[in-house]
Amino acid sequence: MEICTVGGYEEVGKNMTAVKVGEDVVLIDGGLYLPGVIELQDQLDFQKYTEKALRRAGAIPNDQVLDKLGWSKKVKLIVVSHAHLDHVGGLPYIAQRYPNAEILSTPFTISVLKTLLEDEKISLPNKLRVAESNSIHPVPKSTSNLKVEFIHTTHSTIDSTFVVIHSNEGSLLYALDYKFDDTPTMGLPPNYEALKKVGQKGVKVAIINTLYASKKESNLSEKDADEMLKKAFLKTKGKNSALFITTFSSHIERLNNIVKHAKQTKREIVFIGRSLNKYVNCAIKIGRCPFQNEIKLLKYRNQINSFLRKVEADPGRYLVVCTGHQAEKNSILERISKGDTPFKFKTGDHLIFSSSVIPTEVNLEARKVLDAKLRKMGVQLQVDVHVHGHGSQESKKKLIELTKPEHIIPAHGNREQEKGLICVAKEYGYKLGETSHLVSNGEVMNL
Ligand SMILES: [Zn+2]
């Protein structure tokens, strides 16, 4: 089994891994590097992205390495672990390089990919196919009897999975974004039984996410986030003040909890902003949006502006769920803070950030500026009403204990974070350079 670490190693973003057994290659994920895209937005002023421009900006994985290896023509299947953009967002720009490979993933992920393609007016030659969580599929036209398994896990978006490539040479477990959450508030806990079974059959190599590998405190569950939300809502006093909340648009489980608490306020619940509209509609399309009849969803600028005029006139009537938790350019919160909308915050209004700041320089600075502006307007801010979707050390340990891989490759973190996982692996007897491996983008390992 050969593994090419195409993207997402020694970095967080643009994940892609190629696995070759015999004459068959399977690609796992094809993500975007988001800060790279933000830079590009500034340069291109929202023109349509091109593969070339994204490559130049380092925003998509450098899969041209597969051409040099002679692997590109052998790609039989592209599988996607979950719907976050650093896993699926690059595919609209690179999947056409593998026209004969199907793209296979869970319902929500395929729904998000279809929406990305529609929004960017891209049509791919690849067939898109839906695989339910906890299912096994033969790799089409495989000459080495390869099979792909999707195992359900909890994370911060629905339909997240571990991907297992089964082959005659053993199996590869791709365990990137996950948190073992035994008390999720929507959907099932992780499928430990399936992981155990894969472990019993023998895992040759596990590629494991390294974020928070050094964090010893226990994972917080989405149930804890729900408690935090409940308390945050109790603090929002004032019948006639505005009440806004923002969170990650793809976090359908969190949005469901927000709606649950919002209903107690008896206000009309309105979701505004493009990305909220995008992800919530994807969940509606696949029948996984329990709150669809409780909310109004507004997408277009003129709709949003006329709604915000109503909020300005009667702020106590509405609860607004909006975009802008990272103070992104052109998000609703950024536009309100600049005075670009008919609604203006006033002293005593409330805003809950059910999110954490993704720690890049751009985000940290943008949020600092946004928060200062909002506080100056007298807005009561509640920040970090959130638990993150990546497991701490105990989640990594549990995965190693359940699956007992022969080799471990850390991914999805900077070198320091990757070393954190190497340390955890050492406790289980893994030796760096022999059974645990620090790799960079574009390397090939023969295991
Ligand atoms: Zn993720």
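Against which strands and helix do the buried residues of H15 pack? The structure examined here is a predicted model, in which local features need pLDDT of at least 70 and side-chain atom pairs count only at pLDDT 80 or more, while totals for chains, interfaces and linings use all residues. Residues are numbered from 1 along each chain as its sequence is written.

The domain assignment, which is automatic or taken from a database, gives domain 1 (2–218 + 389–446) and domain 2 (222–382). The centres of the two domains, taken over C-alpha atoms, are separated by 31 Å. Their contact takes 17 residues from domain 1 and 19 residues from domain 2, two residues being in contact if their C-beta atoms, placed from the backbone, lie within 7 Å. On the side of domain 1 that touches domain 2, helix H1 (34–44) and helix H6 (107–119) each supply at least two residues. Helices (H or I, at least four residues) and strands (E, at least two) are DSSP runs, numbered from the N terminus. H6 gives the most to this side, with five residues. The residues of this side comprise nine nonpolar, seven polar and one charged; Ala, Val, Leu, Ile, Met, Phe, Trp, Tyr, Cys and Pro count as nonpolar, Asp, Glu, Lys and Arg as charged, and the others, Gly among them, as polar.

Helix H15 (residues 415–427) has 13 residues and should span 18 Å at 1.5 Å a residue, which agrees with the 19 Å between its end C-alpha atoms; the expected span is 1.5 Å times one less than the number of residues. Glu 418, Gly 420, Leu 421, Val 424 and Ala 425 are the buried residues of H15. A residue is buried if 20 or more other C-beta atoms lie within 10 Å of its own, exposed if 12 or fewer, and partly exposed in between, with C-beta atoms placed from the backbone. Seen down the axis of H15, the buried residues fall within an arc of 145°, so they line one face of the helix; the arc is that of the directions from the helix axis to the C-beta atoms. On the other side of H15, Glu 416, Lys 426 and Glu 427 are exposed.

The buried residues of H15 pack against strand S11 (203–209), helix H14 (393–403) and strand S18 (407–411). Ile 208 lies in strand S11 and counts as buried because it has 28 C-beta neighbours inside 10 Å. Not counting residues up to four places away in sequence, Ile 208 touches Ala 175, Lys 396, Leu 399, Ile 408, Pro 410, Ala 411 and Leu 421. The C-alpha atoms of Ile 208 and Glu 418 are separated by 9.3 Å, although the two residues are 210 residues apart along the chain.
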